[in-house]
Amino acid sequence: MNIFRFLGDMTHLISILILLLKIYATKSCSGISLKTQELYALVFLTRYLDLFTDFISVYNTVMKLVFIASSLAIVWCMRNHPLVRRSYDKQLDTFRHYFLLLASFLLALLLHEKFAFQEVLWAFSMYLEAVAILPQLVLLQRSGNVDNLTGQYVFFLGAYRAFYIFNWIYRYFIDPHFTRWIGKFL
């Protein structure tokens with residue numbers, strides 16, 4: 001692991017903690033896109049299928065489980081918590097995310113490292129994660145009002161992606177056995 005991946009993981013974790021803090025402290029998910037949260041849950045569920053087949057490290061396993069559990073918890077809370085779900089504004093969260101799902105899946109079928117179930121789903125998760133923030137950005141643009149915690153959540157999510165770009169670049173030049181060509185460009 002390199003410093004960029006570690007910083008990416010930590011900023012991602014901070015973004016999730018900020019979002020959970022917002023939901024817990026305010027009992028509200030106002031300004032948060034349920035569609036984006038569902039897309040991220042799907043990203044992590046499809047990307048981390050290797051939890052059942054490969055062990056890399058305790059750190060890696062724990063982070064994967066945290067990302068899956070926190071994503072599912074956020075979706076559950078926004079859909080089912082009696083107070084939180086009332087604050088969800090479905091009229092602002094109108095991005096047609098099914099197009100993102102379809103395009104990501106078709107792209108994964110065409111561009112993958114090898115045609116195997118787990119590899120195609122991994123490619124799907126990479127493509128989907130690259131666009132999963134779009135419903136959130138559209139919701140914020142439509143609402144015209146971004147509270148502090150929501151803004152911080154989006155900022156740290158962007159920082160996470162930036163650090164991961166540096167991670168891919170670093171691995172491309174340093175790691176001679178690095179073969180995930182899709183990840184190098186996302």
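Which residues line the largest cavity?

**Before selecting anything**

The model is predicted: local features need pLDDT of at least 70, side-chain atom pairs count only at pLDDT 80 or more, and totals for chains, interfaces and linings use all residues. Residues are numbered from 1 along each chain as its sequence is written, and side-chain values use heavy atoms, with hydrogens and water left out.

Colour the chain by pLDDT, the predictor's confidence in each residue, from 0 to 100. The protein chain averages 90, and 95% of the residues score at least 70. Among its elements, helix 2 has the highest mean pLDDT (96), while helix 8 (residues 181-185) has the lowest (49). Helices here are DSSP runs of H or I with at least four residues, strands are runs of E with at least two, and both are numbered from the N terminus.

**Stop 1: the largest cavity**

Select His12, Ser15, Ile16, Leu19, Gln37, Tyr40, Phe44, Ser70, Ser71, Ile74, Tyr153 and Leu157, the residues that line the largest cavity. Helix 1 (3-26), helix 2 (34-47), helix 3 (58-80) and helix 7 (148-174) each give two or more residues to this lining. Helix 1 contributes the most, with 4 residues. The lining comprises 7 nonpolar, 5 polar and no charged residues. In this classification Ala, Val, Leu, Ile, Met, Phe, Trp, Tyr, Cys and Pro are nonpolar, Asp, Glu, Lys and Arg are charged, and the others, Gly among them, are polar.

The space inside amounts to about 70 Å³, and a search of the whole structure finds 1 cavity of 30 Å³ or more. On a 1 Å grid over the protein atoms alone, a cavity is a set of points where a 1.4 Å probe fits but cannot get out; a pocket is an open set with protein on both sides within 12 Å along at least five of seven lines; lining residues have an atom within 4 Å of a point. Grid points are joined across faces, edges and corners, and a volume is the space filled by probe spheres set on the points.

Keep Ser15 selected; it is found in helix 1. Ser15 has 0% relative accessibility and therefore counts as buried (buried means under 20% relative accessible area, exposed over 50%, partly exposed in between, with a 1.4 Å probe and protein chains only). Leaving aside neighbours within four places in sequence, Ser15 is in contact (heavy atoms within 4.5 Å) with Tyr153, Phe156 and Leu157.

**Stop 2: helix 2**

Is helix 2 largely enclosed or exposed? Because 11 of its 14 residues are buried, helix 2 is largely enclosed by the rest of the structure. The buried set is Leu34, Lys35, Thr36, Gln37, Leu39, Tyr40, Ala41, Val43, Phe44, Thr46 and Arg47. These buried residues pack against helix 1, helix 3, helix 4, helix 5 (117-131), helix 6 (134-143) and helix 7. The end C-alpha atoms of helix 2 are 20 Å apart, in agreement with the 20 Å that its 14 residues should span at 1.5 Å a residue (the expected span is 1.5 Å times one less than the number of residues).

Within helix 2, select Thr36. Thr36 is buried, with a relative accessible area of 0%. Beyond neighbours within four places in sequence, its contacts are Ala132, Ile133, Pro135, Gln136 and Tyr153.

**Stop 3: the second largest pocket**

Next, select Leu34, Lys35, Glu38, Leu39, Leu42, Arg79, Tyr88, Lys90, His97, Tyr98 and Leu101, which line the second largest pocket. Helix 2 and helix 4 (97-110) are the elements that give two or more residues to this lining, and helix 2 supplies the largest share, 5 residues. The pocket has a volume of about 170 Å³. By class, its lining has 6 nonpolar, 1 polar and 4 charged residues.

**Stop 4**

Select Lys27, in the loop between helix 1 and helix 2. Lys27 is not a glycine, yet has a positive phi of about 55°. Its relative accessibility is 34%, so Lys27 counts as partly exposed.

**Stop 5**

Helix 5 is mostly covered, with 11 of its 15 residues buried; among them are Trp122, Phe124 and Tyr127.

Finish at Leu140 in helix 6, which counts as buried at 11% relative accessibility. Leu140 and Asp93 lie 47 residues apart in sequence and 9.0 Å apart in space, C-alpha to C-alpha.
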